[in-house]
Amino acid sequence: MFPEWKGVFRRRTAQRVENDRPCRAEEIPIHVAVIMDGNGRWARRHALPRAAGHHAGMLAMRDAIRAADDWGIQVLTLYSFSTENWKRPRQEIDYLWRLVDEFFQLDIDELVERNVRIKIIGDPSQLPQVTQNTIARALHRTKDNTGLTVQFALNYGSRWEIVKAVQEIAYQIEKREIAVTDIDEKMLSDYLSTSGLPDPDLLIRTAGDQRISNFLLWQIAYAEFVFVNEMWPDFTRKHFYSAIQAYVARERRFGGLK
Ligand code: IPE
Ligand code: IPE
Ligand code: MG
């Protein structure tokens with residue numbers, strides 16, 4: 001149970017942030033996806049080990065989740081570990097899993113309180129058993145929540161996800177449960193791990209690089225891209241706010257005319 005004062009504090013926070021929404025409520029992107037890049041460079045600039053950069057990145061992530069919730073974003077997808085990140089030194093990878101444990105231990109109560117629903121996309125089966133357990137608990141505790149959905153892309157790769165979807169569809173055909181002509185865009189979308197959620201409206205990548213790095217290739221067909229130069233640990237609510245304002249100023253045509 002939360003002490004009484006915590007509820008009061010939260011209501012005040014909600015009050016304060018009500019006025020800081022970057023645009024009108026109906027203009028807010030429904031789904032924002034973020035490539036949280038630059039933790040290592042941030043650490044190097046501060047003459048700190050890469051682990052310190054990842055830790056600082058976790059704090060930035062917490063603020064981004066709070067802002068997304070306060071502003072009424074419905075889905076926030078956070079690229080946390082790619083299928084290619086296994087190429088990194090063992091020590092760094094181990095630290096990242098420890099950080100996942102730490103994040104859920106520290107933040108789960110607040111996430112539950114905020115009515116956040118947690119989802120994981122990617123393959124958690126290769127993660128340490130402790131981390132898998134922590135994740136399973138977090139999923140269980142938030143499964144009936146109806147507020148912001150936070151999707152963590154953990155051991156996620158878009159090509160992996162598409163190959164898996166194609167295999168599952170092919171298997172259905174092999175069993176003669178569907179015909180080849182039944183395959184359409186909706187079916188493929190339904191076999192992806194993001195199934196049931198709208199595609200991202202806005203994709204933000206920090207740290208200056210302008211590439212996708214195997215993230216949501218199918219789902220970002222019509223997303224607006226905002227690349228920012230700040231390293232992820234320096235990405236604050238203010239930068240998030242500006243990214244949304246940049247998004248709102250865009251004209252989305254989806255191939256049509258305006
Ligand atoms: C992003 O920061 C976090 C992960 C990929 C886990 P990086 O660790 O890629 O930081 P840079 O790109 O080396 O600065
Ligand atoms: C993308 O960042 C993956 C995550 C943020 C988890 P990377 O640092 O792995 O991407 P590249 O290697 O620069 O393309
Ligand atoms: Mg990087």
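Here are some notes on a predicted model, meant for someone opening it for the first time.

1. **Where to start.** Begin with the annotated residues. An unreviewed UniProt entry puts an "active site" at Asp37 and Asn85. The two span 49 residues in sequence, yet no two of their C-alpha atoms are more than 12.0 Å apart, so they gather at one spot. Both Asp37 and Asn85 are included in the lining of the largest pocket.

2. **The second label.** The unreviewed entry in UniProt also carries a "binding site" feature, placed at Asp37 and Glu224. From that set, Asp37 is taken into the lining of the largest pocket.

3. Look for Asp37 in the loop that runs between strand 1 (31–35) and helix 2 (39–45). Is it buried or exposed? Asp37 has a relative accessible area of 16%, and because the cut-off for buried is under 20%, it counts as buried. Leaving out residues up to four places away in sequence, Asp37 touches Arg205, Thr206, Ala207, Asp209, Met231 and Trp232.

4. **Asn85.** Its place is in the loop between strand 2 (75–82) and helix 4. With a relative accessibility of 17%, Asn85 counts as buried.

5. **Glu224.** You'll find this one in strand 6, which covers residues 224–227. At 14% relative accessibility, Glu224 is buried. Which residues is Glu224 in contact with, once neighbours within four places in sequence are set aside? They are Asp201, Leu202, Leu203, Tyr247, Arg250 and Arg252.

6. **A helix pair.** Now turn to helix 3 (residues 50–71) and helix 4 (residues 90–113), which pack with their axes 10 Å apart and at an angle of about 30 degrees. Since angles under 35 degrees count as roughly parallel, helix 3 is roughly parallel to helix 4. Residues making the contact from helix 3 include Arg50, His54, Met58, Met61 and Ile65. On the helix 4 side, they include Tyr95, Leu96, Leu99, Phe103 and Leu106. As for handedness, helix 3 passes helix 4 in a right-handed crossing.

7. **Tying it together.** Helix 4 is a handy landmark, as the loop holding Asn85 lies between strand 2 and this helix.

Definitions and conventions: Residues numbered from 1 in each chain as written. Chains lettered and ligands numbered in written order. Predicted model: local features only at pLDDT ≥ 70, side-chain atom pairs only at ≥ 80, totals over all residues. Heavy atoms only, no water. UniProt positions renumbered as here; feature names shortened; annotations may be inferred. 1 Å grid on protein atoms, 1.4 Å probe; cavity = no way out; pocket = protein on both sides within 12 Å on 5 of 7 lines; lining within 4 Å. Helix = DSSP H or I, 4+ residues; strand = E, 2+ residues; numbered from the N terminus. Buried < 20%, exposed > 50% of the residue type's maximum accessible area, 1.4 Å probe, protein only. Contact = heavy atoms within 4.5 Å. Axes fitted to C-alpha atoms, helices over the stretch in contact; angles between N-to-C directions. Parallel < 35°, antiparallel > 145°, perpendicular 65-115°, else oblique. Left-handed = near helix turned anticlockwise from the far one by under 90°.
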